[in-house]
Amino acid sequence: MSNMRDKEDIQLSSSIVIQDEADVYSFASMAKHIALQLGFTYFQAGLIFLAASEIAMNSFRHAEHGVAIIQVTDNNKGIEINIDDRGPGIGNLELAMKDGFSTRQTLGLGLGAAQRSMDEFSVKSSASGTSVKMSCYLPIPRQLIDTGVVSFPVVGGDVNGDAYLIKGYEGDKMLVAIFDGAGKGIQASKSAEFVKKQVLENYKLPLDDLVRFCHEKLLKYNLSRGVEVALFRITPDSIESLIMGNTSIQADSTQHLSFFFHDGSIGTSLPNSLTVQRRLRPDQFTFVMHSDGIKDVNYDSCCSDDLFAQRLAEQIFDQYAVVNDDATVIVLKG
């Protein structure tokens, strides 16, 4: 990835009225240009170009009047595109989002593929017009947050009852989670993967609201296993955590941090009150998250500053994973 230029050197915004195909190309080209200025790779800038082209072309072909705006996000970590028109709206939005749905006049990318090209994508459509908002962010540099993960089922098992999520977003934030389905095997895996899906679709919610939301969903769909969880959010200024059950979050001893955990599990016995711990983000840190298949970790002996996060995760797994349980370990270094 190329280095991001100073904000003073970057074109921060551009807008255009979509009146013909030349406007569509000009708009998409400007989106690509700004993306390259920010430091996106040529590949990702090309995806942004295609997504912008498809949405702008739809606006031109199906609406009387379209306005397209590109702007750099407030944190200077991404690009945001808004396209609004006064057309008749999208009659069947669900169908329009499916792969292969496209008019002959468009690039054939489709709304669904445009959505996959961007980090955030939303569509609002009615009889008075359609509004599309989409954003794409630079990846978080490894020197700011380095991540490593190892996750395997019980020795001899084919299905992992653990699941995990490492979700970077907005160019400078990260949500990390471990989901431990009760027991082992396919039923534990189904519950853990279900909760993971809910978190991935709602990752910006406050941690306590996220747990309550997942609890209600798991009850609604009547999945047979509860899920213990460790949630950890890193922002430029703070760290937040919520732990439930036998999952764990630990910091290296130099941080002098301890983490509160709740009894219970999502889908079975949710506590009446959920505590989210919030602290200032340390200048330097090593955090280790793991399921209960990792036991009796000597964090001081293994948390070496010389190791990348992935190598440290592998070392912890090799030394402390038990043979009779699914096991997952995530390491975060910054």
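Helix axes here are lines fitted to C-alpha atoms, over the stretch in contact, and the angles between them run from 0 to 180 degrees between N-to-C directions. This is a predicted model, in which local features need pLDDT of at least 70 and side-chain atom pairs count only at pLDDT 80 or more, while totals for chains, interfaces and linings use all residues. Residues are numbered from 1 along each chain as its sequence is written, and side-chain values use heavy atoms, with hydrogens and water left out.

**Overall make-up**

- The protein chain holds 8 helices and 15 strands, where helices (H or I, at least four residues) and strands (E, at least two) are DSSP runs numbered from the N terminus.
- Of its 334 residues, 50% count as buried; buried means under 20% relative accessible area, exposed means over 50%, and partly exposed lies in between, using a 1.4 Å probe and protein chains only.
- Among contacts between residues at least 6 apart in sequence, 68% join residues at least 24 apart, a contact being heavy atoms within 4.5 Å.

**Helices α1 and α2**

- Two packed helices are described by the angle between their axes and the distance between the axes.
- For α1 and α2 the angle is about 155° and the axes are 8 Å apart.
- The two helices are therefore roughly antiparallel to each other, since angles under 35 degrees count as roughly parallel, over 145 as roughly antiparallel, 65 to 115 as roughly perpendicular and the rest as oblique.
- Ser29 lies in helix α1, and it counts as partly exposed because its relative accessibility is 24%.
- The C-alpha atoms of Ser29 and Ala45 are separated by 9.6 Å, although these residues stand 16 residues apart along the chain.

- Helix α5 covers residues 185-201, and its 17 residues should span 24 Å at 1.5 Å a residue, which agrees with the 25 Å between its end C-alpha atoms; the expected span is 1.5 Å times one less than the number of residues.
- The buried residues of α5 include Ala188, Ser191, Phe194 and Val199, and the buried residues of this helix pack against β7 (162-169), β8 (173-181), α6 (207-220) and β9 (227-234).
- The axes of α5 and α6 come within 10 Å and cross at roughly 130°, and that makes α5 oblique to α6.

**Nonpolar cores**

- In soluble globular proteins, nonpolar side chains tend to be buried together.
- A nonpolar core is a set of buried Ala, Val, Leu, Ile, Met, Phe, Trp, Tyr and Cys residues joined through side-chain atoms within 4.5 Å, and the largest one has 32 residues, with Phe27, Phe40, Ile48, Ile55, Ile79, Ile81 and Phe121 having the most contacts inside it.
- Elements that each supply at least two residues of this core include α1 (21-38), α2 (42-62), β2 (66-72) and β3 (78-85), and the largest share, 8 residues, comes from α2.
- A second, separate core of 24 residues includes Val199, Val211, Leu242 and Val276.
- Not counting residues up to four places away in sequence, Ile79 touches residues including Ala31, Phe40, Ile48 and Met134.

**Loop residues with positive phi**

- Most residues other than glycine have a negative phi.
- Asn76, in the loop between β2 and β3, has a positive phi of about 65° although it is not a glycine, and it counts as buried because its relative accessibility is 9%.
- Glu170, in the loop between β7 and β8, is also not a glycine and has a positive phi near 55°; Glu170 is buried, with a relative accessible area of 18%.

**Leu332**

- Leu332 is found in strand β15 (residues 327-333) and counts as buried at 0% relative accessibility.
- Leu332 and Leu312 are 20 residues apart in sequence and 9.6 Å apart in space, C-alpha to C-alpha.
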